[in-house]
Amino acid sequence: MAPSTVPTPRPSASLVIVNERNEILLVHRNPKASAFGGMHVFPGGNLDKKQDRSLAITAIRETFEESGLLLASSVSSGPPPSDTVLDEARHAIHQQKLLFQTFLESQNLKADVDSLLPFTQWITPVGPPRRFHTQFYVAFLPAAPSSGFSSGAKQERIPKHDGGQEVIEARFVHPKKALDECREQKISFMPPQYYILSTLADILHGSVNTSDQRAKVETLSHSLFGRMVINPRRMGEDQNGRTILTYEGDELRGGSKGRLHRALVKMNGSTASEISMIRNFDVFTEIEAQAFSTAAKL
């Protein structure tokens, strides 16, 4: 692809919400969607300059639109908004008939941006017609006050704001179970989601979220890990025909000899049908700062 035709990555944000049972909110993209069709992803979307003052607001707004879960705190002593009010607002905001900030102010709410923990940035490789520069965040419930559902499958609140063109299901699932479902080819992830789920699965053991687990995630967020900007690059195929995607810090991408930071992906068109991650260093103590760019602008 000629440099002049390479699409510029669009600023976007995605939110990984963890509930009290160490389950993570996933939304299932409509197979006919224009981007990531059929994939399971974290709620998120593009920065909307009319709606969003920051990428943190983008993450909270998109999560509200796609799942019905609103990360916001009351600034008054009044009752929280009803399900009817929330659903009407979701649809109106998605259709650009209502500004997100206007809705929050009308309900005496404030978006809980302070509860969002930066958790890596990812840039879509050159090749796809649509590219994104995505800031991922993690937020914990109930540390972040919220309205909407917070556990299990929630089929009855499937987002229908656009006739299901974007999202057809929203549910909470433990990261280990989600990874098992992916290996069993029941669901599909793209490399960023698989990477983040794998990282969290190593921390969020069991079905009760603990202060120690939250502290470990916060430590990662505030460390070099949370500031990593990952630009996957294709480096041919392995003996099984899987595409090798290398990440910054790999021995082929500025890392020390023997350092592996990559994924093996079997593609089916523009989506991943099989994926595995190889990372042979400790993300808490062994990230090599010189291999990563911390100056990327969103």
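Mentor: A residue is termed buried when its relative accessible area is under 20%, exposed when over 50%, and partly exposed in between, using a 1.4 Å probe and protein chains only. The model is predicted, so local features need pLDDT of at least 70, side-chain atom pairs count only at pLDDT 80 or more, and totals for chains, interfaces and linings use all residues. Residues are numbered from 1 along each chain as its sequence is written, and side-chain values use heavy atoms, leaving out hydrogens and water.

Trainee: What makes strand β7 largely enclosed by the rest of the structure?

Mentor: Strands are DSSP runs of E with at least two residues, helices are runs of H or I with at least four, and both are numbered from the N terminus. In β7 (residues 117-123), six of the seven residues are buried, and therefore the strand is largely enclosed.

Trainee: How do you know that β7 and β8 pair?

Mentor: Pairing requires that DSSP find at least two bridges between two strands. β7 and β8 (residues 132-140) have five, in the antiparallel sense; among the partners, Gln121 bridges to Gln135 in β8. With β11 (residues 229-230), β7 has two bridges in the parallel sense, and Gln121 stands opposite Val229 there.

Trainee: Why is Met190 called buried?

Mentor: Its relative accessibility is 13%, so Met190 counts as buried. Met190 lies in the loop between α4 (175-183) and α5 (191-201).

Trainee: Why are the buried residues of α4 said to line one face of the helix?

Mentor: Those residues are Pro175, Ala178, Leu179, Glu181 and Cys182. Seen down the axis of α4, they fall within an arc of 160°, so they line one face; the arc is that of the directions from the helix axis to the C-beta atoms.
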